[in-house]
Amino acid sequence: DGSVASNCIIRRNTFQNGKGAHMVQIGGDDNLITDNIMKDGIAIDYFYLFGRRNTISMNRCTNNYALTGVGNHPDFVQTFGENGHGSIDHIIEKNYCRDSINGAPWQLTKALCPDIGNWIIRYNLFMDMDIAGSSGIPDLTIHNNIFVRCNLLNVGHAMSWGPRSSTAISSYNGTSGTDYPHNGNLYNNVFLDIGAPGAGYNNAWYSFTTDLTGCSANYNYVGKDGYLPVLASTTLQNPVGDVGGWELFRWWETDGINGGNPGFVDESDPLGPDGVWYTADDGFRLASNASLLVGAGQAGADIGAYDF
């Protein structure tokens, strides 16, 4: 409505040493936040995201520390509906986020606010994030990302979809109710060493609750403890539709890849020799066209954050 900054660009800045809050808050429409360095935060969220059609891209976010007595829940990106601010039609792409103690890739909730949803999260690397991403908004598409050693703290999946209830006090409009993140779409992602080493092979990818509809999850790669496969369903291979019919505790993707060396250049060096994110020598690029992930994704795309 013109009351919040729109059509702005935040580029090539360094944000450092924030504590207990957020580094950048975005509202308004059609803003671009790109190519920034964000580092050495103490229990901070890198981004609060509201408004419409905003893009967060090519940012490098590292070293988010915990501190006793600081109550903030640290996430790469967060939105919430308690304040009544909408948050729709955003794109989050090609970001590098690593080493977040007690932090998650995202925390997305509605609190009954109607204008939150329809986000796209793609081509990002999330590495060493202590807890799972909470996906509580509808029409969320997550594709072609790489998740490495996420949710070691709770020994669970890298992300979860599920309803969230609000009370008259916590909702944006003073009523109680429940939001359901229907129509989630998840494809062409890599889930590598999720959970904790040796913690089992049924908690290394993602989860949906059984009361969701219109969801799809397919063409993803999962590997654990040296590229070993996870427990797979032998009775159900239906990755699209109502989650109530899915096998929730075993891998069930029809076209996913369960185990095997994905063929990255060098997993120990994500930025590559040049130390610059998303360039030709990055460690999570595919080493050759013989990689398991080349052409194995939806519509013949490569799986992961890079095209070979």
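This is a predicted model: local features need pLDDT of at least 70, side-chain atom pairs count only at pLDDT 80 or more; totals for chains, interfaces and linings use all residues.
Student: Which residues touch the most other members of the largest nonpolar core?

Tutor: The largest nonpolar core holds 48 residues. Elements that give two or more residues to this core include strand 6 (45-49), strand 10 (75-79) and strand 26 (206-208). The residues that touch the most other members are Phe-47, Phe-76, Phe-147, Phe-191 and Tyr-206.

Student: Which residues does Tyr-206 touch, leaving aside those up to four places away in sequence?

Tutor: Tyr-206 is among the members of the largest nonpolar core that touch the most others. With residues up to four places away in sequence not counted, Tyr-206 touches His-157, Met-159, Leu-186, Phe-191, Ala-217, Asn-220, Trp-251, Trp-252 and Glu-253.

Student: How many residues does the other core, apart from the largest, contain?

Tutor: This other core lies apart from the 48-residue one. Among its members are Tyr-96, Val-190, Leu-271 and Trp-277. Its count of residues is 19.

Student: What kind of aromatic pair do Tyr-96 and Trp-277 form?

Tutor: Tyr-96 lies in strand 13 (residues 96-100) and Trp-277 in the segment after strand 30 (257-258), so the pair links parts of the chain 181 residues apart. Both Tyr-96 and Trp-277 are buried. Their ring centres are 5.2 Å apart, with 45° between the planes.

Student: Is Asp-89 buried, partly exposed or exposed?

Tutor: Asp-89 lies in the loop between strand 11 (87-88) and strand 12 (91-93). Although not a glycine, Asp-89 has a positive phi of about 60°. Its relative accessibility is 32%, which falls between the limits of 20% and 50%, so Asp-89 counts as partly exposed.

Student: What is the phi of Tyr-227?

Tutor: Tyr-227 lies in the loop between strand 28 (221-223) and strand 29 (240-241). At 25% relative accessibility, Tyr-227 counts as partly exposed. Its phi is positive in a residue other than glycine, with a value near 70°.

Student: Which residue lies over the face of Tyr-278?

Tutor: The distance from the ring centre of Tyr-278 is 5.7 Å, and the cut-off for a charge over a ring is within 6 Å. The residue over this face is Arg-285.

Note on methods
Residues are numbered from 1 along each chain as its sequence is written. Side-chain values use heavy atoms; hydrogens and water are left out. A nonpolar core is a set of buried Ala, Val, Leu, Ile, Met, Phe, Trp, Tyr and Cys residues joined through side-chain atoms within 4.5 Å. Buried means under 20% relative accessible area, exposed over 50%, partly exposed in between (1.4 Å probe, protein chains only). Helices (H or I, at least four residues) and strands (E, at least two) are DSSP runs, numbered from the N terminus. Contact means heavy atoms within 4.5 Å. Rings of Phe, Tyr and Trp (its six-membered ring) pair if their centres lie within 6.5 Å; planes under 30 degrees apart count as stacked, over 60 as edge-to-face and the rest as tilted. A charge sits over a ring if NZ of Lys or CZ of Arg is within 6 Å of the ring centre and within 35 degrees of the ring normal.
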